[in-house]
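Subject: Structure handover

Hello,

I am passing on the structure shown here, followed by notes on what was found in it. Please keep it open while you read.

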Amino acid sequence: MKAHRITLVDDDPDSLLLLHRMLLRLYPKSSIATFSNAEDALAHILGPGTEFLITSQFMREMTGAQLILELRLLKWTIPIIMISSSPLAKQEALESGATEFLDKHTNPTVLEAHIRALFDMHENKASESTVRVPRNSLKSASRRPTRKLR
């Protein structure tokens, strides 16, 4: 089984722990970085990078939708799942560029199926044509201020 680089972002420590455990079980050789805020997650992603992002919507400074929008503006094409218990967050997540939106109360078996499907889809696309963002463009892009939605 291939090792992946996965990033999880949620300010709820219980949700973060459950997601981390599930992903370790699904992809035991993977590197899973966890963050309680989107700013630290963004810095991590722009540094060592990630292949897959799962984020919640509501956090202190930067929302999950703002994080997604920042990554999409920088041309990151990784799969991104937003998980939230707010039905209002779905539209914002999808407009920002989330690959999928799932309710926070989704059955873990269903969540696992969505994650596996996205990994498979992304791996198939990556083997067809690899899209990479030059590192030097990431450094200059990461210096600009975060855009506020609304």
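**Helix 4 and what follows it**

Just after helix 4, Gly 97 has a positive phi of about 115 degrees. Helices (H or I, at least four residues) and strands (E, at least two) are DSSP runs, numbered from the N terminus. The model is a predicted one, in which local features need pLDDT of at least 70 and side-chain atom pairs count only at pLDDT 80 or more, while totals for chains, interfaces and linings use all residues. Residues are numbered from 1 along each chain as its sequence is written, and side-chain values use heavy atoms, with hydrogens and water left out.

Helix 4 has four buried residues: Ala 89, Glu 92, Ala 93 and Ser 96. Buried means under 20% relative accessible area, exposed over 50%, and partly exposed in between (1.4 Å probe, protein chains only). These four lie on the same side of helix 4 because they cover an arc of only 105 degrees around the axis, the arc being that of the directions from the helix axis to the C-beta atoms. They pack against helix 3, strand 4 and strand 5 (100–103); contact here means heavy atoms within 4.5 Å. On the face turned away from the buried side, helix 4 carries the exposed residues Pro 87, Gln 91 and Glu 95.

**Overall layout**

The protein has six helices and five strands. From the N terminus on, the order of elements is β-α-β-α-β-α-β-α-β-α-α. Of its 150 residues, 46% count as buried. Among contacts with a separation of 6 or more, 69% are between residues 24 or more positions apart.

**Cores**

A nonpolar core is a set of buried Ala, Val, Leu, Ile, Met, Phe, Trp, Tyr and Cys residues joined through side-chain atoms within 4.5 Å. The largest one has 24 residues, of which Leu 53, Leu 67, Leu 71, Trp 76 and Met 82 touch the most other members. At least two residues of this core come from each of strand 2 (31–35), helix 2 (38–46), helix 3 (64–73), strand 4 (80–84) and helix 4 (87–96). Helix 2 supplies the largest share, five residues. A second, separate core has 18 residues, including Ile 6, Met 22, Ile 81 and Ile 115.

**Two single residues**

Glu 112 lies in helix 5 (residues 108–128). With a relative accessibility of 14%, Glu 112 counts as buried. Leaving aside residues up to four places away in sequence, Glu 112 touches Met 22, Arg 25 and Leu 26.

Lys 75 is in the loop between helix 3 and strand 4. Its phi is near 70 degrees, a positive value in a residue other than glycine. Lys 75 counts as exposed, at 61% relative accessibility.

**The second largest pocket**

The volume of the second largest pocket is about 270 Å³. On a 1 Å grid over the protein atoms alone, a pocket is an open set of points where a 1.4 Å probe fits, with protein on both sides within 12 Å along at least five of seven lines; lining residues have an atom within 4 Å of a point. Grid points are joined across faces, edges and corners, and the volume is the space filled by probe spheres set on the points.

The lining has 14 residues, and the closest to the pocket centre are Leu 18, Leu 19, Lys 104, Thr 106 and Leu 111. Helix 1 (13–26), strand 5 and helix 5 each give two or more residues to the lining, with helix 1 giving the most, five.

Regards
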